[in-house]
Amino acid sequence: MPPDPEIDRDLQNAIDAAVSYLDGYRGILGRCIVTQRWQLDVLPPAGRVRLSFPDVSEILVQSADGEDVPHRIEHHQTGAVICTRRGLPLRIIFTAGFGPPEAVPVAIKRAALMLVAHFFKNRGDGGAAAGIPAEVEALISPLRVWRV
């Protein structure tokens with residue numbers, strides 16, 4: 001029997017929804033799951049820029065014309081802070097995340113699988129109507145970044 005393209009599409013949608021729910025700045029974890037490269041163009045009024053991710057590794061700070069800018073980095077539990085001259089437009093290119101997929105904590109992998117199953121099972125009612133399983137919240141809670 002050939003694969004059902006509708007099931008394949010629904011499964012991919014469930015995977016995409018689970019990743020979207022967990023990953024990145026807007027994800028519930030408030031952090032990158034696997035290594036991702038980000039670019040931020042800003043004009044920091046106080047000469048300080050807070051990167052909203054923990055687990056930041058490589059950071060490149062440039063002026064708008066691509067020249068390297070002298071800076072200092074402060075690492076905090078909820079993210080890095082870039083300190084430089086006041087009022088200078090900056091391009092900040094940085095890498096954030098736990099690393100390659102094998103470096104992602106098991107709790108996040110398990111939560112992602114549970115979310116995929118949840119969204120796939122509840123696809124007929126939009127998935128969100130059934131709520132997020134409490135087990136998922138329990139697995140990810142210690143790994144969430146809380147912004148204040």
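Me: Is the H1/H2 crossing left-handed or right-handed?
Reply: The crossing of H1 and H2 is right-handed, meaning the near helix is turned clockwise from the far one by less than a right angle. This is a predicted model, where local features need pLDDT of at least 70, side-chain atom pairs count only at pLDDT 80 or more, and totals for chains, interfaces and linings use all residues. Numbering starts from 1 along each chain as its sequence is written, and side-chain values use heavy atoms, without hydrogens and water.

Me: What angle do H1 and H2 pack at?
Reply: About 135°, with the axes of H1 (residues 5-22) and H2 (residues 106-121) 8 Å apart. Axes are lines fitted to C-alpha atoms over the stretch in contact, and angles run from 0 to 180 degrees between N-to-C directions. Helices are DSSP runs (H or I, at least four residues).

Me: Which residues in H1 meet H2?
Reply: Among them are Ile7, Asp10, Leu11 and Tyr21 in H1. On the H2 side, Phe119 and Phe120 are included. Contact means heavy atoms within 4.5 Å.

Me: How many nonpolar, polar and charged residues there?
Reply: 14 nonpolar, no polar and 1 charged. Ala, Val, Leu, Ile, Met, Phe, Trp, Tyr, Cys and Pro count as nonpolar, Asp, Glu, Lys and Arg as charged, the others as polar.

Me: New topic. Which residues touch the most other members in the largest nonpolar core?
Reply: Leu51, Ile59, Ile92 and Phe94, out of 15 residues. Such a core joins buried (under 20% relative accessible area, 1.4 Å probe, protein chains only) Ala, Val, Leu, Ile, Met, Phe, Trp, Tyr and Cys through side-chain atoms within 4.5 Å.

Me: Which element gives the most to this core?
Reply: S6, with 4 residues.

Note on methods
Buried < 20%, exposed > 50% of the residue type's maximum accessible area, 1.4 Å probe, protein only. Helix = DSSP H or I, 4+ residues; strand = E, 2+ residues; numbered from the N terminus.
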